[in-house]
Amino acid sequence: MPIRPFVENILVLGQSTLATAVTEEMKKRRRYRILDLKEPGEGGRVYKDGVPFLGSMEHGLRTIPQTHRIIVAFSERRGRLPIDALLNAKRQGIAIEDGVHLYERLTGKLALDQLQPSHLIFSPTLCRGSFYAVLQRILSVLLAVIGLILSAPLFAGIALLIKRGSEGPVFFVQERIGKDGRKFSLVKFRTMRPVDRRSSEWVKDNGDRITPVGRWLRRFRLDELPQLFNVLLGHMNLIGPRPHPASNYDLFMRNIPFYAFRTTVQPGITGWAQVRYGYANDLKEEIEKMRYDLYYIKYHSVRLDIEIVFRTIAVVVLGKESPRPKSLPRSGPRFDEQTDAA
């Protein structure tokens, strides 16, 4: 059997949907070799290079050489966590990692249905004030001013196309939810024919209203340019979670776990969820996007913002929808549907 350099042997504990999701993500990466086990003390599956055999965790650690990392992915840990075996593994220099944290690291989103309040309460990075937040605000204002100056001729050209293409105002103004739940008026170039009453806020229910000019503006995200004024007014930053319509706020508060945390940071013109998932068209998809938004709120940094900028530029230049992950259903794994197998 050929030896692959820099490959980690990973022992996954638990037969939960979280364990399945984490395992599937690691299998996509050549640097991981998966060793899969059922609950300790019971017969289970151990995979070494794809060859299964029975064994417990202790047996697996003794039998399989060079286990580098153990992933704890039980859906219920009380009475099931093999404390002595894990402590012994730790003394051997084997890394121990929580399945939820690994899932976040691999996918760039939070395991929302598996998330316990303690994960947020004891997070050292969530909702902390930082120098970077101040720097981000200064850069947002500076770049918004530069952007408005450089795009002034483009504003005039787009306004003319909109007026010639369909009746109605040049700008679309909508009440959105900003930081700390405050409402503000978001400004965009109008891309749809005006109506007295919309059936919903989602594009799928209003697609027949999109004008030819509007479809072109949406493709290259040029309809978002007027939001540079919102940045100057202090409503938004360039980067952050996209602000939701105020009319959906109560619906999302009732149905999306930990939704209130979304308003702890300034919303943005582009964000992690926008470049990783794109537009949402129903509540299920909004919940999936929330996984990415919470990841950004928890781990926002200079490196993450730079990645968002480059991904946004790629979307604008190519005029394509943000690529959605193909590995999992749009709703993501439902970690609350199944417990560890007995």
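How many helices and strands does the secondary structure of the chain come to? The secondary structure comes to 13 helices and 10 strands, where helices (H or I, at least four residues) and strands (E, at least two) are DSSP runs numbered from the N terminus. The model shown is predicted, so that local features need pLDDT of at least 70 and side-chain atom pairs count only at pLDDT 80 or more, while totals for chains, interfaces and linings use all residues. Residues are numbered from 1 along each chain as its sequence is written, and side-chain values use heavy atoms, with hydrogens and water left out.

**Figure 1. The whole chain.** Of the 342 residues of the chain, 49% count as buried; buried means under 20% relative accessible area, exposed over 50%, and partly exposed in between, with a 1.4 Å probe and protein chains only. The chain exposes about 17600 Å², and carbon and sulfur atoms supply 59% of this area, as computed by the Shrake-Rupley method with a 1.4 Å probe, where for residues only the protein chains shown count as cover. Among the contacts in the chain with a separation of 6 or more, 70% come from residues 24 or more positions apart, a contact being heavy atoms within 4.5 Å.

**Figure 2. The largest pocket.** A pocket is defined on a 1 Å grid over the protein atoms alone as an open set of points with protein on both sides within 12 Å along at least five of seven lines, whereas a cavity is a set of points where a 1.4 Å probe fits but cannot get out; lining residues have an atom within 4 Å of a point. Grid points are joined across faces, edges and corners, and a volume is the space filled by probe spheres set on the points. The largest pocket has a volume of about 940 Å³ and is lined by 35 residues, of which Leu238, Ile269, Thr270, Val309 and Thr312 lie nearest its centre. At least two lining residues come from each of α6 (131-150), β9 (237-239), β10 (268-270), α11 (272-276) and α13 (302-318), and α13 gives the most, with 10 residues. By class, this lining has 21 nonpolar, nine polar and five charged residues, where Ala, Val, Leu, Ile, Met, Phe, Trp, Tyr, Cys and Pro count as nonpolar, Asp, Glu, Lys and Arg as charged, and the others, Gly among them, as polar.

**Figure 3. The second largest pocket.** The volume of the second largest pocket is about 690 Å³, and of the 35 residues that line this pocket, Gln174, Arg176, Lys188, Glu201 and Arg218 lie nearest its centre. The elements β7 (171-177), β8 (183-189) and α12 (283-299) each supply at least two residues of the lining, with β7 giving the most, namely five residues. The lining of the second largest pocket divides into 15 nonpolar, seven polar and 13 charged residues.

Figure 4. Side chains of opposite charge can pair when their charged atoms come close. A search of the whole structure finds 17 salt bridges, each a side-chain nitrogen of Lys or Arg within 4 Å of a carboxyl oxygen of Asp or Glu. In one of them the side chains of Glu8 and Arg31 meet at 2.7 Å, N to O; this pair links distant parts of the chain, with Glu8 in strand β1 (residues 8-13) and Arg31 in the loop between α1 (17-27) and β2 (32-37), 23 residues apart. Glu8 is buried, with a relative accessible area of 13%, whereas Arg31 counts as partly exposed at 42% relative accessibility. The side chains of Glu97 and Arg105 also meet in a salt bridge, at 3.0 Å, N to O. Glu8, Arg31, Arg69, Glu97 and Arg105 are linked in a network of salt bridges.

**Figure 5. The salt bridge of Asp293 and Arg262.** Asp293 forms a salt bridge with Arg262, and their closest N and O atoms are 2.9 Å apart. This pair links distant parts of the chain, since Asp293 lies in helix α12 and Arg262 in the loop between α10 (249-255) and β10, 31 residues apart. Asp293 counts as buried at 3% relative accessibility, and Arg262 is buried with a relative accessible area of 8%.

**Figure 6. The cavities.** The whole structure holds two cavities of 30 Å³ or more. The largest cavity has a volume of about 70 Å³, and the residues that line this cavity include Ile177, Tyr259 and Arg262. About 40 Å³ of space lies in the second largest cavity, to whose lining α7 gives the most, with three residues.
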